[in-house]
Amino acid sequence: MSNILFVTSEVFPLIKTGGLADVAASLPRALMKLKHNVRILLPGYASVMKAAAGDVKKVAVLDVDGESVTLWRTFLPGTRVLVWLVDAPGFSEREGNPYCGPDGFDWPDNAQRFLLFAKVARLVALNQAGLDWPVDVVHCNDWQTGMVPALLAQDSVRPATVFTIHNLAYRGLFSWDTFASLGLPHDLWHMERLEFYGQFSFMKGGLVYADRITTVSPSYAQEIQTPEAGNGLDGLLRYRQSALSGILNGIDADEWNPGTDKHIAQMYTRRTLNHKLKNKMALQERNGLAVSEQPLLGFIGRLVDQKGIDLILDNLSQLLTEGCQCIILGSGMKDYEQQLLQLAQQYPQQLSVTIGYNESLAHQIEAGADIFLMPSAYEPCGLNQLYSLRYGTLPVVHAVGGLRDSVIDFAEPSQTDATGFMFYQYTAHGLYTAIQRALTVFQDKKIWRMLQNNGMGKDLSWHQSARKYEQLYSELLITSSPHPSS
Ligand code: ADP
Ligand code: GLC
């Protein structure tokens, strides 16, 4: 039984921009079921402070290099998971997205904000924040927390550190001027430390200094060691190969369960799969699509290059003319948003596009669509294809990263274990042929049902993956010194 400090820049339902928030909410709970003590450290953004308002308690006031920081204790809504909120002006005095302003550009003081967060994480990790909680393992996530292992590496007695890469494309890069203004030790500006081609990278703090590095699927762990997917960090990752492993994400099987889902028109299970049709009809009706038996394709996600929107756009008109319907929910690059909205005007009965973030609609699409599109150019893990498997909505995916590790392609008619459709060439044609294969099988209700059953029968919960993290922590604890006491 270990004390694990889980450091993250987002956690569902308090604040979410992507899959990291889902992982940060469900992995700690899975570890707690395995009898570990897990506590989450999260920035106290304005919206989070508001959301938690009814249930916060001030637990410490710290002076961090002259800046006053208040730590508040709250719990993840509806759970026993304790969250410490780091309340400092850089977080709590502005509304909106945690990383960028309303113009879509990064907040200009991100380096200062997340360095301050890392400094607080270090104090909590060393049990020097007045919280009286000795830490065995600090588990950090993505570039926003990369400075935590880098700072802790300067301490001779410290807890073990794990750094999880959720997306290597976001490296937390800043200029020399910013580095110089942060007052960090000058020797960190070195290519074997934080310097990165004339800039410096928070992500490198995690990759260079953490005791172990994980990423969110075994395939992505391999891919990021190649120049194609390494984002300039593949050399470092190859160097740290023996410390690097891939552990596939699980899902929150309570939150994403068609049998109990309160967001959807009609709950269903494997045994009552016929009820899925009611969700399709409700989805069509509520979103202005013709209520019909045409195959309905769904997409949910950030509208950015990673997600393969270009491939979807290249195929969309043709698919709609050939008799498919499509429902898209997402936000991101304005250009993609506009192209999608324009097409939706052209095909009002066939295509529904919702720009924005909508948790309920996301559940309704998972329940109501027949096919889920996830043609990502790269995908560290991906959660929506996992939700789709659980909801009997067959995924069409590009064979990369976590998509490759979680979907079994229906490659030949005799295959009985398939759960979806995969394409290997990242081209519009590659996606088109995979969708055509799916549409052909869609006509054969018996085989379709078999694939749905296969997906719905998978154990996608966190249990197995949490055990792998547990194993990793215990290996670290055997080799490291005992945790510091206050
Ligand atoms: P990523 O973290 O790269 O964005 P994931 O598939 O891991 O991709 O996770 C995305 C998560 O965010 C899923 O839970 C998905 O349902 C959710 N999501 C993304 N965009 C939206 C949106 N516009 N509305 C509601 N949920 C969304
Ligand atoms: C990232 C990745 C996504 C992954 C998620 C949670 O945002 O893009 O593939 O599922 O993190 O680990």
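Student: How many residues surround ligand 1, and which are closest?
Tutor: Ligand 1 is surrounded by 21 residues, and the closest are Gly19, Asp22, Arg302, Lys307 and Gly356. Keep in mind that this is a predicted model.

Student: Which polar backbone atom is 2.6 Å from an oxygen atom of ligand 1?
Tutor: One belonging to Gly19. Another oxygen-to-backbone pair, at 2.9 Å, involves Leu383. A nitrogen atom of ligand 1 also lies 3.0 Å from a backbone N or O atom of Asn358.

Student: And how much of ligand 1 does the protein bury?
Tutor: The protein buries 93% of the 560 Å² that ligand 1 exposes when taken alone.

Student: Which elements supply at least two residues each to that shell around ligand 1?
Tutor: α1, β13 (296-303), β14 (325-332) and α14 (384-390). The largest share, three residues, is from β13.

Student: What is the make-up of the ligand 1 shell by class?
Tutor: Seven residues are nonpolar, nine are polar and five are charged.

Student: Where does ligand 1 lie relative to the domains?
Tutor: Between domain 1 (3-250 + 463-479) and domain 2 (273-456), because both give residues to the shell around ligand 1.

Student: Now ligand 2. Which residues come nearest?
Tutor: Of the 14 residues around ligand 2, the nearest are His166, Asn249, Glu379, Cys381 and Gly382.

Student: Which side chain has an N or O atom 2.6 Å from an oxygen atom of ligand 2?
Tutor: The side chain of His166. For Asn249, a side-chain N or O atom is 2.8 Å from an oxygen atom of ligand 2. Cys381 contributes a polar backbone atom, 3.0 Å from an oxygen atom of the ligand. Taken alone, ligand 2 exposes 310 Å², and the protein buries 93% of that.

Student: Which helix gives the largest share of the shell around ligand 2?
Tutor: Helix α1 (residues 19-33), with three residues. By class, the ligand 2 shell has six nonpolar, six polar and two charged residues.

Student: Why does ligand 2 lie between the domains?
Tutor: Because domain 1 (3-250 + 463-479) and domain 2 (273-456) both give residues to its shell.

Student: Change of topic: where is Asp252?
Tutor: Asp252 sits in the loop between β12 (244-246) and α10 (276-286).

Student: Does Asp252 count as buried or exposed?
Tutor: Buried, because its relative accessibility is 16% and the cut-off for buried is under 20%.

Student: What does Asp252 touch, leaving out residues up to four places away in sequence?
Tutor: Ser26, Arg29 and Trp462. With Arg29 there is a side-chain to side-chain polar contact of 3.5 Å.

Terms used
Residues numbered from 1 in each chain as written. Chains lettered and ligands numbered in written order. Predicted model: local features only at pLDDT ≥ 70, side-chain atom pairs only at ≥ 80, totals over all residues. Heavy atoms only, no water. Near = heavy atom within 4 Å. Polar contact = N/O pair within 3.5 Å; in protein donor to acceptor, adjacent residues only side chain to side chain. Areas by Shrake-Rupley, 256 points an atom, 1.4 Å probe, with all protein chains shown as cover. Helix = DSSP H or I, 4+ residues; strand = E, 2+ residues; numbered from the N terminus. Nonpolar A, V, L, I, M, F, W, Y, C, P; charged D, E, K, R; others polar. Domains from an automatic or database assignment. Buried < 20%, exposed > 50% of the residue type's maximum accessible area, 1.4 Å probe, protein only. Contact = heavy atoms within 4.5 Å.
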